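Reader: Please go through the labels used for this model and say what each one rests on.

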Amino acid sequence: MFQGLALEARREVARVFQPLRVRRGAVLYVPGDRVDGAYLVRTGLLWLEGPRSPLGEPATLGVVGPEGLLGEEALVGEERRTSGATALTYAELLFAPQEALGPLRSRFPEVERFLLQALYARLKAAEERLWEVRHLSVGQRLARLILRLAREGEVTLSHQALAHMVGATRETVTKLLGEWALRGAVDLGYRRVEVRDREALVRLAEPL
């Protein structure tokens, strides 16, 4: 993750960012929590939650995967979290306390550039997700997501996690996956979606 940094900068980053392992479903923080630092993702997926609707429904701001940054409030001096973060899968993170980030960034401009690049990647992902929400149906978004995540033909995420990632309800995702299973496009198991007919999913993902 830090291979582009000079040796001294890599050593200091390794000292400041400490390893942290979290189980699936673990809550890192919720909106309103006091800001204590920033996180980098080594493995796993983290769901970012925005303020809830008047009916209590969560808002999906995005999903952060490997080499992603979250907890960016610590970089701009915010005192409270403006979003929440929950592990969709088992995840291995690197955590840097807020009080150590300022000196690190001041001493090593390349670290500042690294963090800005991570934030830019988040911004581009958010723009892509906004485009999908505005222009694609839930089914199209779900098919595109499964095609992106499939490794050796299988996605090992719960229906709830998939729903968070496409900005839909679990019931809608379960209904769509059930229909696709009947068509032979996917095979379903416990926290598992196996791609059986990739071309069928490609057709489902295409804009009308």
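**Rings and helices**

Author: One aromatic cluster is formed by Phe 2, Phe 17 and Phe 114. The model is predicted, so local features need pLDDT of at least 70 and side-chain atom pairs count only at pLDDT 80 or more, while totals for chains, interfaces and linings use all residues. Residues are numbered from 1 along each chain as its sequence is written, and side-chain values use heavy atoms, leaving out hydrogens and water.

Reader: Why is the pair of Phe 2 and Phe 17 called tilted?

Author: Rings of Phe, Tyr and Trp (its six-membered ring) pair if their centres lie within 6.5 Å; planes under 30 degrees apart count as stacked, over 60 as edge-to-face and the rest as tilted. Here the centres are 6.4 Å apart and the planes are at 40 degrees, so the pair is tilted.

Reader: What makes the pair of Phe 2 and Phe 114 tilted?

Author: The ring centres of Phe 2 and Phe 114 are 5.3 Å apart and the planes are at 55 degrees, so this pair is tilted. Both Phe 2 and Phe 114 are buried (under 20% relative accessible area, with exposed over 50% and partly exposed in between, for a 1.4 Å probe and protein chains only).

Reader: Why are α4 and α6 called roughly perpendicular?

Author: The axes of α4 (residues 138-149) and α6 (residues 170-183) come within 11 Å and cross at roughly 70 degrees. Angles under 35 degrees count as roughly parallel, over 145 as roughly antiparallel, 65 to 115 as roughly perpendicular and the rest as oblique. α4 and α6 are therefore roughly perpendicular to each other.

Notes. Axes are lines fitted to C-alpha atoms, for helices over the stretch in contact, and angles run from 0 to 180 degrees between N-to-C directions. Helices (H or I, at least four residues) and strands (E, at least two) are DSSP runs, numbered from the N terminus.
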